[in-house]
Amino acid sequence: MAHPRLTPRVQRRAVLAASGWVALAATAIPGGSPLRWIPVLAFVVLAPGLALMLPQPVGLRPGARLEALALAAPVSLSVATITATALFLTKAFSLTVFLVVLALFVSVAATLPGVPLPAATRGAVERAGSTRTSPFSSRFRIRRPGGGR
């Protein structure tokens, strides 16, 4: 019986979903070892945002990849702050509970389609001859090859 081959997209989603559980397992390492805090820090700072941004239905254009990476950290920190605040208000905060909630969030979000990004639907730079008009289009002219007007 042949095993189904996992596509790179499915592999990325699986790695993203597993990252929270790896960070949770890293907390079992004693002391302040870098093997303990680096996976936890990387997970909290990047994984929730990447889980929300990257599972796009179609491949991302180069401008959209950069946009998704630039938005991943602030979105991740926002999700982590909301989670920590909710746990503090319910008097249930601990590192273990915090990481379990975030790991569950990332695992679920990695299976869903990502948040649509503006640069994913169009190029990061509009093409010449685009049907869209800009308020500045009348002020600027398109330079043709050879320097002609």
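Trainee: Is the crossing in which α1 passes α2 left-handed or right-handed?

Mentor: Good place to start, and keep in mind that this is a predicted model. Look at where α1 passes α2. The crossing there is left-handed.

Trainee: How are α1 and α2 oriented, roughly parallel or roughly antiparallel?

Mentor: Helix α1 covers residues 8–26 and helix α2 covers residues 34–53. They pack at an angle of about 155°, with their axes 9 Å apart. Angles over 145 degrees count as roughly antiparallel. That makes α1, relative to α2, roughly antiparallel.

Trainee: Which kinds of residue make the contact of α1 with α2, and how many of each?

Mentor: On the α1 side you will find L16, S19, G20, A23 and A26. From α2 come L35, R36, P39, V40, F43, A47, L50 and A51. Sorted by kind, the residues of this contact are one charged, two polar and ten nonpolar.

Trainee: Is A25 buried or exposed?

Mentor: You can find A25 in helix α1. Its relative accessible area is 52%. The cut-off for exposed is over 50%, so A25 is exposed.

Trainee: How many Å apart in space are A25 and T96, C-alpha to C-alpha?

Mentor: Along the sequence, A25 and T96 are 71 residues apart. In space, their C-alpha to C-alpha distance is 9.7 Å.

Notes: Residues numbered from 1 in each chain as written. Predicted model: local features only at pLDDT ≥ 70, side-chain atom pairs only at ≥ 80, totals over all residues. Heavy atoms only, no water. Axes fitted to C-alpha atoms, helices over the stretch in contact; angles between N-to-C directions. Helix = DSSP H or I, 4+ residues; strand = E, 2+ residues; numbered from the N terminus. Parallel < 35°, antiparallel > 145°, perpendicular 65-115°, else oblique. Left-handed = near helix turned anticlockwise from the far one by under 90°. Contact = heavy atoms within 4.5 Å. Nonpolar A, V, L, I, M, F, W, Y, C, P; charged D, E, K, R; others polar. Buried < 20%, exposed > 50% of the residue type's maximum accessible area, 1.4 Å probe, protein only.
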